[in-house]
Amino acid sequence: MAVNKGQRPLIAANWKAHGDRHELSRWCEAVGTAPGNVDYLFLPPAVLLPMVQQLAPPFAWGGQDICPVEQGSHTGEVTAAMLLECGASHTLVGHSECRNLRADTDDRVAAKYAVAARAGLVPVLCVGETLAERESGHSEAVVSRQLAAVLATAPPPLPLVGAVLAYEPVWAIGTGCVASPAVVQQMHAALRRLWQSERGGESLRLLYGGSVKADNAAALACQPDVDGFLVGRASLVATEFLAIAKASIATTS
Ligand code: PEP
C-alpha cells in the first residue's frame, strides 16, 4: 500500500572514493533518463564534480564533505565556494566515515553545517550511533546530541529551508547489515520530533542510509518517516540505484 508523505522521495548516491570518468559518464546517462516522481542527488568524489557540471545531468549534485571555514590553511579540504563553482547545490556533513577517519567532532560538523548553509548549499547532515552505543541503549541520545549540536549553531536566519537529515547507523554502513524497518522508523520519528521542537513546521526530509539495496528498499521506504535514502556501495551500479528509486516511488504517493 502506498503511503502519502506529501513530498517526492530523495534518493542520494554517495560514491565515496570510487569511480572514474568513464563510469561517471555511463552513470549520468543511465540515471538522467530515469523516471520522474523522485529527486536524485549525486555525490561523487570532488575531483569528478567539474565533469558532472560539464555533462549537466538533469539531477542535483554535491560534495561528500566541506571545509569548516570559508578559506584558509586547510590542506586537502574543499570549500563551499569551490563546490558552488562546480554547480553543486548540496553537501554531506558529518558522514560517519568523516567523523571516524578524519576526527570530525560535533563542533566541527556544526561549523561545516553553518558554512554550507551560509553559502547557500543544502547541508545533508548525517547522524548515527555505533554498535556499542546501540547495544548500551544510547541510540536516541547519540543522534539527538549530534543533531542538537548543529541546531545550536544554526539559528533561524540560516537557510535551513528544505533541510535534509540522514540517519546512518554506523553499524549498518558498508557492512551489508541493514537496520530493520521498525528500528529505522523509531529513530526517524525521534529525529523528526526533535527537529519539530526546535524548528517548528520547517520542511525536513529524513533519509535512511546503511546497506540499502534494491531488495530491502521497499520495506524501508514505506515507513511513514522515511523520505528517501542515502545509498553508498549500491549506488555505483546505475541499475541497482534505479531499482532502489523505483521501490521508493512504488511505496509513496
Ligand atoms: C554511505 O556511505 O552513506 C552508505 C550508506 O554506505 P552503504 O550504502 O554502502 O552502507
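View 1. A polar contact is a pair of N or O atoms within 3.5 Å. In this predicted model, an oxygen atom of the ligand lies 2.9 Å from a polar backbone atom of Gly-232. The backbone of Gly-174 also takes part: one of its N or O atoms is 2.6 Å from a ligand oxygen atom. Lys-16 contributes its side chain, with a polar atom 2.7 Å from an oxygen atom of the ligand. On its own, the ligand has 290 Å² of accessible area, and the protein covers 98% of it.

**View 2. The shell around the ligand.** The ligand is surrounded by 14 residues. The closest are Lys-16, Glu-168, Gly-174, Ser-211 and Gly-232. Sorted by class, the shell holds 7 polar, 4 nonpolar and 3 charged residues. The ligand takes up the space of the second largest pocket.

**View 3. An aromatic pair, Trp-27 and Phe-42.** The model has 8 aromatic pairs. In one of them, the ring centres of Trp-27 and Phe-42 are 4.2 Å apart and the planes stand at 25°. Planes under 30 degrees apart count as stacked, so this pair is stacked. Trp-27 belongs to helix H1 (residues 21–32) and Phe-42 to strand S2 (residues 39–43). The pair therefore ties together parts that are 15 residues apart in sequence.

Notes. Residues numbered from 1 in each chain as written. Predicted model: local features only at pLDDT ≥ 70, side-chain atom pairs only at ≥ 80, totals over all residues. Heavy atoms only, no water. Near = heavy atom within 4 Å. Polar contact = N/O pair within 3.5 Å; in protein donor to acceptor, adjacent residues only side chain to side chain. Areas by Shrake-Rupley, 256 points an atom, 1.4 Å probe, with all protein chains shown as cover. 1 Å grid on protein atoms, 1.4 Å probe; cavity = no way out; pocket = protein on both sides within 12 Å on 5 of 7 lines; lining within 4 Å. Sits in = over half its atoms within 2 Å of the grid points. Nonpolar A, V, L, I, M, F, W, Y, C, P; charged D, E, K, R; others polar. Phe/Tyr/Trp six-rings, centres within 6.5 Å; stacked < 30°, edge-to-face > 60°. Helix = DSSP H or I, 4+ residues; strand = E, 2+ residues; numbered from the N terminus.
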